[in-house]
Amino acid sequence: MPGSSKFQLGLVQMTCGPDGAENLNRAVDKVSEAARSGAQVVALPELFRSQYFCQREDATLFDLAEEVPGPTTETLGKLAKKLQVVVVAPVFERRAPGLYHNSVAVIDTDGAVAGLYRKMHIPDDPAYYEKFYFTPGDLGFQAIPTQVGRLGTLICWDQWYPEAARLTALQGAEVLIYPTAIGWHPSEKKKEGAPQRDAWRTIQRAHAIANGIYVAAVNRVGFEQPDPSSAGLEFWGSSFICDPLGVTLAEASADKEEILLAEVNPRRMENVRRNWPFLRDRRIDAYGGLEQRYLDASAKKNQKTDG
């Protein structure tokens with residue numbers, strides 16, 4: 001049965017250039033390398049088919065989008081079937097004319113798309129103008145069953161939300177995989193760089209601990225300046241995998257392409273949750289306020305209570 005056995009998880013930390021076909025070819029090579037090293041599930045970074053184009057608002061860049069199924073899932077589907085691995089494949093999804101999502105297709109060992117996740121939380125910050133490009137996801141949080149295990153796939157900005165991690169874990173996911181494109185604004189790196197990266201690692205390790213689950217973040221690496229008039233972004237790599245106690249099992253550098261491998265063991269999850277039974281002790285009768293934007297007077301008045 002899916003999810004009953006331990007498996008090797010591989011993360012591909014890679015640079016992404018301006019040529020989409022070349023990025024896909026390099027991803028194929030790196031997935032193959034990870035599989036040769038023993039990976040049974042291989043995850044790629046967010047929007048790996050292109051440089052991170054959301055640094056500016058430009059309607060012509062919607063031409064980068066593709067359908068699911070489409071060229072990326074077709075190529076990686078053939079590879080997954082050949083290698084007998086599961087591939088976590090981020091895609092700039094064209095759903096319909098004028099309707100686009102930042103998505104992840106989970107491709108099973110038979111080459112078919114086992115599930116699709118659409119990014120739920122969409123940022124809008126300097127050089128991260130994602131609200132211009134992406135419609136918020138409408139498929140909810142999911143634990144996608146595959147022949148290897150149940151995978152929770154979230155994307156980058158989703159990393160900061162404990163609600164997303166919890167709802168995915170509650171559906172039986174064995175690992176939360178976060179394809180990512182996060183980095184430093186060059187002007188901020190000296191002063192804020194270390195605290196920003198530490199906060200990013202800390203929040204995800206906290207998801208692992210709070211849910212008794214494995215967590216993996218797979219980031220791109222390198223400096224990208226697709227708009228010469230902008231300052232560009234330095235993606236900080238630092239991809240990592242941690243266990244259900246938040247212990248880091250593997251971690252990449254901040255400036256090099258790497259493939260990380262670590263074991264996901266459902267038995268480890270079981271043991272951790274038996275000793276720290278956070279899911280058992282949750283007060284599910286008392287969390288109604290989480291569905292409110294903010295608990296001001298009007299929200300409290302409308303909030304349901306169970307006495």
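Predicted model: local features only at pLDDT ≥ 70, side-chain atom pairs only at ≥ 80, totals over all residues.
Colleague: How many aromatic pairs does a search of the whole structure find?

Modeller: The search gives 16 aromatic pairs. One of them is Phe62 with Tyr133, a tilted pair with 5.3 Å centre to centre and 55 degrees between the planes.

Colleague: Which parts of the chain does that pair link?

Modeller: Distant ones, 71 residues apart. Phe62 is in the loop between strand S2 (41-43) and helix H2 (71-83), and Tyr133 is in the loop between strand S5 (113-118) and strand S6 (143-145).

Colleague: Are Phe62 and Tyr133 buried or exposed?

Modeller: Both are buried. Phe92 and Tyr100 make another tilted pair, with 5.8 Å centre to centre and 45 degrees between the planes. Phe92 and Tyr100 are buried too.

Colleague: Which residues form the aromatic cluster?

Modeller: Phe53, Phe62, Phe92, Tyr100, Phe132, Tyr133 and Phe134 form one cluster.

Colleague: And which rings have the charged end of an arginine over them?

Modeller: Phe240 has the charged end of Arg201 over its ring, 5.3 Å from the centre. Phe235 has that of Arg220, 5.4 Å from the ring centre.

Colleague: Strands next. What does S4 pair with?

Modeller: Strand S3 (residues 86-96) pairs with S4 in the antiparallel sense over nine bridges. S4 also pairs with S5, again antiparallel, over five bridges.

Colleague: Where does Ile107 come in?

Modeller: Ile107 is in S4 and is the bridge partner of Val87. In S5, the bridge partner of Ile107 is Val113.

Colleague: What about the turns?

Modeller: S3 and S4 form a hairpin with two residues between them, and Gly98 in that turn has a positive phi of about 80 degrees. The hairpin of S4 and S5 has five residues between the strands, with Gly111 in the turn at a positive phi of about 90 degrees.

Colleague: What is the strand order in the six-stranded sheet?

Modeller: The order is S6-S7-S8-S10-S13-S14, in an open sheet with mixed pairing. S6 and strand S14 (248-251) are at the edges; each has a single partner strand, so one side of each is left without a neighbour in the sheet. On average, neighbouring strands of this sheet are turned by 20 degrees against each other, direction ignored.

Colleague: How do S8 and S10 run?

Modeller: Parallel, with six bridges joining strand S8 (residues 175-180) to strand S10 (residues 214-219). Pro179 stands opposite Val218 in S10.

Colleague: Which helix packs on that sheet?

Modeller: Helix H4 (residues 186-211), which touches S8, S10, strand S13 (240-242) and S14. The direction of H4 makes about 30 degrees with that of S13.

Colleague: What is the order in the three-stranded sheet?

Modeller: S9-S12-S11, an open sheet with antiparallel pairing. Strand S9 (183-184) and strand S11 (221-224) are the edge strands, each pairing on one side only. S11 pairs with strand S12 (residues 233-236) over four bridges, and Phe223 stands opposite Glu234 in S12.

Colleague: Switching to H1. What span does it reach?

Modeller: Helix H1 (residues 20-36) has 17 residues and reaches 24 Å from its first C-alpha to its last, close to the 24 Å expected at 1.5 Å a residue. The buried residues of H1 include Leu24, Val28 and Val31.

Colleague: What covers the buried residues of H1?

Modeller: The cover includes strand S1 (7-13), S2, H2, S3 and strand S15 (258-264).

Colleague: Why does Ser32 count as buried?

Modeller: Because its relative accessibility is 13%, and buried means under 20%. Ser32 lies in helix H1. Leaving aside neighbours within four places in sequence, Ser32 is in contact with Leu79 and Leu83.

Colleague: Last one, Leu290. Buried or exposed?

Modeller: Leu290 counts as exposed, because its relative accessibility is 59%. Leu290 is in the loop between helix H5 (266-275) and helix H6 (297-302). From Leu290 to Glu251 is 33 Å in space, C-alpha to C-alpha, and 39 residues in sequence.

Notes:
Residues numbered from 1 in each chain as written. Heavy atoms only, no water. Phe/Tyr/Trp six-rings, centres within 6.5 Å; stacked < 30°, edge-to-face > 60°. Buried < 20%, exposed > 50% of the residue type's maximum accessible area, 1.4 Å probe, protein only. Lys NZ or Arg CZ within 6 Å of the ring centre and 35° of its normal. Pairing = 2+ DSSP bridges. Axes fitted to C-alpha atoms, helices over the stretch in contact; angles between N-to-C directions. Contact = heavy atoms within 4.5 Å. Expected span 1.5 Å × (residues − 1).
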